[in-house]
Amino acid sequence: MGERSLRASAGSRRRARPRAGRPHLRHQRPGGHRREDATTTVPIVMRITGDPVETGLATSMARPGGNITGVADFVSPIGKHIEFLKQVAPRLKRVAVLQNPAGNQTEVQLRQSREVARALGLELYAVGARTPQELDAAFASIVADRSGALAVLADGLFTIHRARIAEFALKARLPAIYARREFAEAGGLMSYGSSLSEQYRLVANLVDKILRGAKPADLPVEQPGRFELVLNVKTAHALGLTIPPSLLLRADRVLD
(Lines give C-alpha, C1' and ligand atoms only; values in the text may rest on other atoms or scores of the structure.)
Protein backbone atom coordinates (compact mmCIF):
# COMPACT_ATOMS: atom_id res chain seq x y z
CA MET A 1 0.00 0.00 0.00
CA GLY A 2 1.46 3.37 -1.03
CA GLU A 3 2.02 6.38 1.21
CA ARG A 4 -1.01 8.20 -0.23
CA SER A 5 -3.26 5.19 0.43
CA LEU A 6 -1.97 4.89 3.98
CA ARG A 7 -2.73 8.55 4.64
CA ALA A 8 -6.20 8.22 3.13
CA SER A 9 -6.92 5.13 5.22
CA ALA A 10 -5.80 6.83 8.41
CA GLY A 11 -7.75 9.96 7.57
CA SER A 12 -10.94 8.00 6.98
CA ARG A 13 -10.84 6.80 10.58
CA ARG A 14 -10.63 10.31 11.98
CA ARG A 15 -13.75 12.27 12.78
CA ALA A 16 -14.40 14.84 10.09
CA ARG A 17 -13.97 18.41 11.27
CA PRO A 18 -15.93 21.34 9.83
CA ARG A 19 -13.81 23.55 7.61
CA ALA A 20 -13.37 27.21 8.40
CA GLY A 21 -15.78 29.30 6.36
CA ARG A 22 -18.37 26.54 6.05
CA PRO A 23 -21.31 26.72 8.47
CA HIS A 24 -21.65 24.00 11.07
CA LEU A 25 -25.17 23.06 12.18
CA ARG A 26 -25.64 22.63 15.90
CA HIS A 27 -28.61 21.69 18.05
CA GLN A 28 -27.97 23.34 21.39
CA ARG A 29 -29.78 22.03 24.44
CA PRO A 30 -30.34 24.26 27.46
CA GLY A 31 -27.43 24.02 29.86
CA GLY A 32 -25.08 22.93 27.08
CA HIS A 33 -21.72 24.40 26.08
CA ARG A 34 -21.36 28.14 26.22
CA ARG A 35 -19.95 30.18 23.38
CA GLU A 36 -16.46 30.30 24.85
CA ASP A 37 -16.31 26.49 24.65
CA ALA A 38 -17.04 26.45 20.92
CA THR A 39 -14.77 27.04 17.95
CA THR A 40 -14.25 30.71 17.14
CA THR A 41 -13.50 30.26 13.44
CA VAL A 42 -16.15 27.97 11.98
CA PRO A 43 -19.56 29.64 11.38
CA ILE A 44 -22.14 27.91 13.57
CA VAL A 45 -25.89 27.92 12.95
CA MET A 46 -27.68 26.69 16.05
CA ARG A 47 -31.21 25.70 16.95
CA ILE A 48 -31.70 26.23 20.65
CA THR A 49 -34.59 25.75 23.04
CA GLY A 50 -33.84 28.58 25.41
CA ASP A 51 -32.38 32.07 25.50
CA PRO A 52 -29.04 32.24 23.61
CA VAL A 53 -28.11 35.50 25.32
CA GLU A 54 -28.73 34.10 28.79
CA THR A 55 -26.70 30.98 28.02
CA GLY A 56 -23.80 33.01 26.61
CA LEU A 57 -24.14 31.84 23.02
CA ALA A 58 -24.97 35.30 21.68
CA THR A 59 -24.24 38.87 22.70
CA SER A 60 -27.73 39.96 21.67
CA MET A 61 -30.58 38.66 19.52
CA ALA A 62 -30.14 41.44 16.95
CA ARG A 63 -26.35 41.13 16.68
CA PRO A 64 -25.19 37.80 18.12
CA GLY A 65 -21.51 38.59 17.58
CA GLY A 66 -18.71 36.10 17.10
CA ASN A 67 -19.29 33.18 14.75
CA ILE A 68 -22.71 32.01 15.95
CA THR A 69 -26.26 32.73 14.85
CA GLY A 70 -29.37 30.60 14.50
CA VAL A 71 -32.91 30.06 15.72
CA ALA A 72 -34.01 30.34 19.34
CA ASP A 73 -37.29 28.97 20.64
CA PHE A 74 -37.87 30.39 24.10
CA VAL A 75 -41.36 31.89 23.97
CA SER A 76 -43.25 29.50 26.23
CA PRO A 77 -46.84 28.54 25.34
CA ILE A 78 -47.38 27.02 28.80
CA GLY A 79 -50.07 29.56 29.68
CA LYS A 80 -52.16 28.42 26.72
CA HIS A 81 -51.48 24.81 27.68
CA ILE A 82 -53.20 25.31 31.02
CA GLU A 83 -56.09 27.17 29.38
CA PHE A 84 -56.63 24.43 26.78
CA LEU A 85 -56.60 21.71 29.44
CA LYS A 86 -59.28 23.59 31.35
CA GLN A 87 -61.39 23.82 28.20
CA VAL A 88 -61.09 20.09 27.52
CA ALA A 89 -61.73 19.17 31.16
CA PRO A 90 -63.96 21.90 32.66
CA ARG A 91 -64.08 20.20 36.08
CA LEU A 92 -60.30 20.15 36.31
CA LYS A 93 -58.89 21.14 39.72
CA ARG A 94 -55.23 20.09 39.69
CA VAL A 95 -52.64 19.92 36.89
CA ALA A 96 -49.32 18.08 36.95
CA VAL A 97 -46.46 19.73 35.08
CA LEU A 98 -43.66 17.46 33.89
CA GLN A 99 -40.43 19.44 33.68
CA ASN A 100 -36.69 18.95 33.41
CA PRO A 101 -35.05 20.79 36.34
CA ALA A 102 -31.85 21.10 34.27
CA GLY A 103 -33.56 23.24 31.62
CA ASN A 104 -32.61 26.91 31.69
CA GLN A 105 -36.19 27.97 30.90
CA THR A 106 -37.87 25.68 33.41
CA GLU A 107 -38.25 28.20 36.22
CA VAL A 108 -39.67 30.81 33.86
CA GLN A 109 -42.21 28.36 32.45
CA LEU A 110 -43.21 27.12 35.89
CA ARG A 111 -43.76 30.67 37.08
CA GLN A 112 -45.94 31.41 34.04
CA SER A 113 -47.93 28.21 34.50
CA ARG A 114 -48.56 28.99 38.18
CA GLU A 115 -49.83 32.46 37.31
CA VAL A 116 -52.28 31.12 34.73
CA ALA A 117 -53.36 28.25 36.99
CA ARG A 118 -54.04 30.67 39.82
CA ALA A 119 -56.16 32.85 37.54
CA LEU A 120 -58.20 29.79 36.51
CA GLY A 121 -58.59 28.54 40.07
CA LEU A 122 -56.33 25.52 39.51
CA GLU A 123 -53.63 23.93 41.63
CA LEU A 124 -50.30 22.99 40.09
CA TYR A 125 -48.06 20.04 40.88
CA ALA A 126 -44.56 20.24 39.38
CA VAL A 127 -42.65 16.98 38.99
CA GLY A 128 -39.18 16.69 37.48
CA ALA A 129 -37.19 14.22 35.40
CA ARG A 130 -33.61 14.84 34.30
CA THR A 131 -32.94 11.45 32.70
CA PRO A 132 -34.94 8.66 31.02
CA GLN A 133 -34.46 6.60 34.18
CA GLU A 134 -36.29 9.23 36.24
CA LEU A 135 -39.41 9.21 34.07
CA ASP A 136 -41.02 6.19 35.75
CA ALA A 137 -40.62 7.79 39.18
CA ALA A 138 -42.16 10.98 37.81
CA PHE A 139 -45.09 9.01 36.41
CA ALA A 140 -45.66 7.28 39.75
CA SER A 141 -45.54 10.63 41.53
CA ILE A 142 -48.17 12.09 39.19
CA VAL A 143 -50.48 9.13 39.78
CA ALA A 144 -49.98 9.33 43.55
CA ASP A 145 -50.77 13.05 43.47
CA ARG A 146 -54.09 12.32 41.74
CA SER A 147 -53.62 15.17 39.31
CA GLY A 148 -56.45 15.56 36.84
CA ALA A 149 -54.37 16.52 33.80
CA LEU A 150 -50.79 16.75 32.57
CA ALA A 151 -48.81 19.52 30.90
CA VAL A 152 -45.37 18.58 29.55
CA LEU A 153 -42.83 21.38 29.16
CA ALA A 154 -40.70 21.57 26.03
CA ASP A 155 -37.48 19.59 26.46
CA GLY A 156 -35.36 17.42 24.20
CA LEU A 157 -35.47 14.54 26.69
CA PHE A 158 -39.26 14.49 26.62
CA THR A 159 -39.42 14.77 22.83
CA ILE A 160 -37.17 11.73 22.46
CA HIS A 161 -39.40 9.75 24.83
CA ARG A 162 -42.68 11.20 23.56
CA ALA A 163 -44.31 7.83 22.82
CA ARG A 164 -43.53 6.64 26.34
CA ILE A 165 -44.96 9.79 27.91
CA ALA A 166 -48.07 9.78 25.72
CA GLU A 167 -48.66 6.10 26.57
CA PHE A 168 -48.42 6.87 30.28
CA ALA A 169 -50.95 9.70 30.01
CA LEU A 170 -53.38 7.45 28.16
CA LYS A 171 -53.03 4.56 30.62
CA ALA A 172 -53.42 6.96 33.56
CA ARG A 173 -56.44 8.50 31.77
CA LEU A 174 -54.98 11.97 32.00
CA PRO A 175 -55.82 14.70 29.48
CA ALA A 176 -52.37 15.90 28.44
CA ILE A 177 -50.89 18.68 26.36
CA TYR A 178 -47.41 19.01 24.91
CA ALA A 179 -45.24 21.64 23.21
CA ARG A 180 -44.53 19.69 20.00
CA ARG A 181 -46.91 18.22 17.44
CA GLU A 182 -44.78 15.07 17.39
CA PHE A 183 -46.38 14.18 20.74
CA ALA A 184 -49.89 14.33 19.29
CA GLU A 185 -48.70 12.24 16.35
CA ALA A 186 -47.35 9.71 18.88
CA GLY A 187 -50.75 9.41 20.56
CA GLY A 188 -50.81 12.46 22.82
CA LEU A 189 -54.13 14.25 23.25
CA MET A 190 -53.03 17.66 21.99
CA SER A 191 -50.04 19.86 21.38
CA TYR A 192 -49.52 23.58 21.11
CA GLY A 193 -46.20 25.16 20.27
CA SER A 194 -43.84 26.29 17.58
CA SER A 195 -43.24 24.12 14.55
CA LEU A 196 -39.90 22.31 14.41
CA SER A 197 -40.13 22.18 10.61
CA GLU A 198 -40.45 25.97 10.51
CA GLN A 199 -37.45 26.32 12.79
CA TYR A 200 -35.29 24.13 10.56
CA ARG A 201 -36.46 26.09 7.52
CA LEU A 202 -35.22 29.25 9.24
CA VAL A 203 -31.93 27.47 10.00
CA ALA A 204 -31.58 26.53 6.33
CA ASN A 205 -32.15 30.15 5.28
CA LEU A 206 -29.38 31.30 7.62
CA VAL A 207 -27.00 28.66 6.27
CA ASP A 208 -27.77 29.85 2.75
CA LYS A 209 -26.99 33.46 3.68
CA ILE A 210 -23.66 32.45 5.23
CA LEU A 211 -22.71 30.42 2.17
CA ARG A 212 -23.42 33.53 0.11
CA GLY A 213 -20.96 35.55 2.19
CA ALA A 214 -22.89 36.90 5.18
CA LYS A 215 -21.21 36.86 8.60
CA PRO A 216 -22.97 35.09 11.49
CA ALA A 217 -22.24 38.06 13.75
CA ASP A 218 -24.41 40.27 11.51
CA LEU A 219 -27.34 37.85 11.17
CA PRO A 220 -29.97 38.28 13.92
CA VAL A 221 -30.96 35.20 15.89
CA GLU A 222 -34.43 34.36 14.61
CA GLN A 223 -37.48 33.13 16.48
CA PRO A 224 -40.34 30.98 15.19
CA GLY A 225 -43.32 33.17 14.45
CA ARG A 226 -46.06 30.57 14.30
CA PHE A 227 -47.64 28.34 16.92
CA GLU A 228 -49.76 25.37 15.90
CA LEU A 229 -52.50 23.51 17.72
CA VAL A 230 -52.79 19.79 16.96
CA LEU A 231 -55.62 17.66 18.35
CA ASN A 232 -55.78 13.87 18.47
CA VAL A 233 -59.48 12.96 18.33
CA LYS A 234 -58.78 9.23 18.62
CA THR A 235 -57.03 9.78 21.94
CA ALA A 236 -59.84 12.06 23.10
CA HIS A 237 -62.36 9.29 22.44
CA ALA A 238 -60.17 6.79 24.30
CA LEU A 239 -60.16 9.14 27.29
CA GLY A 240 -63.91 9.68 27.07
CA LEU A 241 -63.45 13.37 26.30
CA THR A 242 -65.31 15.64 23.93
CA ILE A 243 -63.13 18.34 22.42
CA PRO A 244 -65.02 21.66 22.44
CA PRO A 245 -65.99 23.02 19.00
CA SER A 246 -64.04 26.21 19.75
CA LEU A 247 -60.81 24.19 19.98
CA LEU A 248 -61.63 22.14 16.89
CA LEU A 249 -62.16 25.32 14.90
CA ARG A 250 -58.90 26.77 16.18
CA ALA A 251 -56.85 23.63 15.46
CA ASP A 252 -54.26 23.68 12.69
CA ARG A 253 -54.49 19.91 12.42
CA VAL A 254 -56.92 17.28 13.69
CA LEU A 255 -55.76 13.66 13.88
CA ASP A 256 -58.51 11.04 13.59
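The dialogue below goes from the whole chain to some strands and then to one glutamate.

A: Ground rules to begin with: this is a predicted model, where local features need pLDDT of at least 70, side-chain atom pairs count only at pLDDT 80 or more, and totals for chains, interfaces and linings use all residues. Residues are numbered from 1 along each chain as its sequence is written, and side-chain values use heavy atoms, with hydrogens and water left out.

Q: How many helices and strands does the protein chain have?

A: Helices (H or I, at least four residues) and strands (E, at least two) are DSSP runs, numbered from the N terminus. Here you get 10 helices and 10 strands.

Q: What share of the residues counts as buried?

A: Buried means under 20% relative accessible area, exposed over 50%, and partly exposed in between, with a 1.4 Å probe and protein chains only. In this chain of 256 residues, 47% are buried.

Q: Which strands pair with β4?

A: Two strands pair if DSSP finds at least two bridges between them. Strand β4 (residues 94-99) runs parallel to β5 (residues 123-128), with six bridges joining them. In that pairing, Val95 has Leu124 as its bridge partner. β4 also pairs with β6 in the parallel sense, over four bridges; there Ala96 sits opposite Leu150, and Val97 sits opposite Ala151.

Q: Why is β4 described as largely enclosed?

A: Five of its six residues are buried, so the rest of the structure largely encloses β4.

Q: What else does β6 pair with, and which way do its side chains point?

A: β6 pairs with β7 (residues 176-178), again in the parallel sense, over two bridges. Ala151 stands opposite Ile177 in β7. As for direction, in β6 (residues 149-152) Ala149 and Ala151 point one way, Leu150 and Val152 point the other way, and all are buried.

Q: Now for the glutamate: where does Glu198 lie, and what does it touch?

A: Glu198 is part of helix α8 (residues 196-211). A contact means heavy atoms within 4.5 Å. Leaving aside residues up to four places away in sequence, Glu198 touches Pro224, Gly225 and Arg226.
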